[in-house]
Amino acid sequence: YSLPPVICNLRFPSDKWIRLDVSIPVEPDTLETFNNLKDQISEDILMFVRTVSLPELEEDFGLIYLKTDLTERLQIRSENKLNEIVITSLVVQ
């Protein structure tokens, strides 16, 4: 399932904006959990992405670290019922 896109400015440089589209693979037995938490998950992603800087994203493993951090937050929020975030697109402008 896709979440609404996250659009916000980066921590540094603050005049750069990011648009992040993510999806979460949901099994039938975790659909209720997803539906109950999707707004909170979106908010968690937004709050985290606001702490990211452009140099962090440009590093060799920047996207891997971003995905790992977002997935970890998802697992904590869902009490390990949801296990993965898929970054479907990322644009910095």
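The largest nonpolar core of this predicted model has 24 residues, and L20, I24, I41 and I45 have the most contacts inside it. Such a core is a set of buried Ala, Val, Leu, Ile, Met, Phe, Trp, Tyr and Cys residues joined through side-chain atoms within 4.5 Å. Side-chain values use heavy atoms, without hydrogens and water, and residues are numbered from 1 along each chain as its sequence is written.

- β1 (6–9), β2 (17–23), α1 (31–49), α2 (54–58) and α3 (62–77) each supply at least two core residues.
- Helix α1 gives the most, with seven residues.
- Beyond four places in sequence, L20 touches residues including I45, V49, L66, L70 and I87 (heavy atoms within 4.5 Å).

**Salt bridges**
- There are four salt bridges (a side-chain nitrogen of Lys or Arg within 4 Å of a carboxyl oxygen of Asp or Glu).
- R77 and D44 pair at 2.8 Å, N to O; because R77 lies in α3 and D44 in α1, the pair ties together parts 33 residues apart in sequence.
- D21 and R19 pair at 3.2 Å, N to O; D21 is buried at 14% relative accessible area, whereas R19 is partly exposed at 38% (buried is under 20%, exposed over 50%, partly exposed in between, with a 1.4 Å probe and protein chains only).

**Confidence**
- The mean pLDDT of the protein chain is 96, and 100% of its residues reach 70 or more.

Note on methods. This is a predicted model: local features need pLDDT of at least 70, side-chain atom pairs count only at pLDDT 80 or more; totals for chains, interfaces and linings use all residues. Helices (H or I, at least four residues) and strands (E, at least two) are DSSP runs, numbered from the N terminus. pLDDT is the predictor's confidence in each residue, from 0 to 100.
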